[in-house]
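Subject: Structure handover

Hello,

Here is the structure we talked about, with some notes on what turned up in it. Please keep the model open while you read.

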Amino acid sequence: MIAHRFACSNGLSTRFARVGPSLALGFACALSLAVALGFACLPHAAAFAVTSEDDLVLGTSIAERGTPLEQAPDLDASFAALMDEDGTLWFGRGAADQAQIASLTKIMTALVAVEHLDAAATIEVTPTAASIGESSAGLVEGDTMTFDDALKAVLTASGNDAAAAVAQAAGARLLEEQGASGDAQACEAAFVEAMNAKARDLDLANSLFTNPHGLDFDAFAQGQHSCAQDVAAMLRAAMQHDLIRANIGYAQVDIVVQRGGVPTALTLTNTDALLGSYEGTCAAKTGYTLAAGPCSASAVNRGDGHEYYAVVLGSSSKPQRFADAEALYDWVFAHRAALEDEAEARPEERESAPPQVDEETYQLVNATSSTKTEIAGAEASYPVVAKVAHGDWTDRTVEATVADPYAAVTVAAGSERIEQEVAFADVHGDVRRGDVVGRMTFRQGGTVLWEADLVAVRDAAAPAWWEALGVGVQRFFANLTGAPTVAASSVEALGAMKVS
């Protein structure tokens, strides 16, 4: 076996968001017309909004503060955060709980991309970027545009195609800086690593990124997650960049792409209802998947020296997410002065530093792609952690995973880095799904923390006799020219990432 070892950087792990409750009003035929009309006249947003004694105001629960519930913001989101320009968390509902954030992921995509691309850089839409599907900016394979326009497509239209194209372009720059290169998938993987590195730089303790667009189902069900507080911090950091600030507040905007050598105008529309309707809204990003529910992240600045970032996750409907955001802004504008006076009078209630954590938990198996298959009788989306060369072919590899992709370990905080080691088997003949094709091991300071077999994701046939003849001819000429005679095995796993 050939062993590959590298040090794993810190990161984060899995969970999904609960979607907020929806309220259905049923009317029996026996009810009077007057009662029915009475229900019909109730305000739509109020029909869903709730308050909770567990909600936090400046780090203290409403119950502990003794604040009347009518003085707390009414909102339906399962998770919420309201932060200001100084990073103060004014309000939180499950703000640090891990959740799916759907397309709010693109805020981090923009934040990382602006650190590696200038506004005039050329972005090309690759076949992989054009084929992602779901939320789209209407880009097609071969389109080119400036990064400035691509950023509009990411943040205004929430284009998955644009997000992938930007990630691949910025990832190519990252690889160049490392003296390397790669295809679109390798470039995107390098970019995702940079997203997680940026999350660590910003101390986003509950965020893990596995793609640049935020899809979280089928092939993209890879454990990506964040939390409301982390998203608010992302948006706060992003708004420090003039290029992002200039491109995240459009209700509608036109961009120009070069399509087949011809300039083509595309009109992009933002689905955030706060733009143009709520005073001071200067940034708006929406998101939605079944796992995340309706989400939004926005910023409001009314020129009073303060800027606020509201994040709502898992609201009960797409319109309700905007009502939730408005409730947060209305609340802080109405109560900030009183809360500041209270904090001055009772300094002991100010938010204290978090307690020292003695242990850290890491999810071990993380990768940028996954595939749906059945391993050891369990059907699921399994991460592709390695590609193992098939020795009977010149250009084929066997995708490999592990039977337990959710393995995790708990270690002492601040201890040595966890190292990932992958060993590849010498693969020949017919390979069946589940066959062992290598070994994955995690060590810390020389001690084995966890290890498992690498198993084939799907069947891979050996060449038939006539194909073997062709392989022989290929290898003959490859030996003459010094070209490879077998495909290269590769490690696709990202390494251990911190959960808590």
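A residue is called buried when its relative accessible area is under 20%, exposed when that area is over 50%, and partly exposed in between, with a 1.4 Å probe and protein chains only. The accessible areas come from the Shrake-Rupley method with that 1.4 Å probe, and for residues only the protein chains shown count as cover.

This is a predicted model, so local features need pLDDT of at least 70 and side-chain atom pairs count only at pLDDT 80 or more, while totals for chains, interfaces and linings use all residues. Residues are numbered from 1 along each chain as its sequence is written, and side-chain values use heavy atoms, with hydrogens and water left out.

Salt bridges

A salt bridge here is a side-chain nitrogen of Lys or Arg within 4 Å of a carboxyl oxygen of Asp or Glu. The count by this rule is 14 salt bridges. Helices (H or I, at least four residues) and strands (E, at least two) are DSSP runs, numbered from the N terminus.

Another pairs Lys 198 with Glu 115, at 2.7 Å from N to O. Lys 198 lies in helix α7 (residues 184–201) and Glu 115 in the loop between α3 (105–113) and β6 (122–124), so this pair ties together parts that are 83 residues apart in sequence. Lys 198 is buried at 16%, and Glu 115 is partly exposed at 38%.

In helix α10 (residues 318–345), Glu 340 and Arg 336 are four residues apart, or about one helical turn. Their closest N and O atoms are 3.0 Å apart in a salt bridge. Arg 336 is buried, with a relative accessible area of 10%, while Glu 340 is partly exposed at 34%. Salt bridges with shared partners link Asp 84, Arg 336 and Glu 340 into one network.

A nonpolar patch

Patches are made of residues with over 30% relative accessible area and no salt bridge; like charges are joined within 9 Å, and nonpolar side chains (Val, Leu, Ile, Met, Phe, Trp, Tyr) within 5 Å. Val 473, Phe 476, Phe 477 and Leu 480 make up a nonpolar patch on the surface, together having about 440 Å² of accessible area. Leu 480 is part of helix α11 (residues 465–481) and, at 60% relative accessibility, counts as exposed.

Regards
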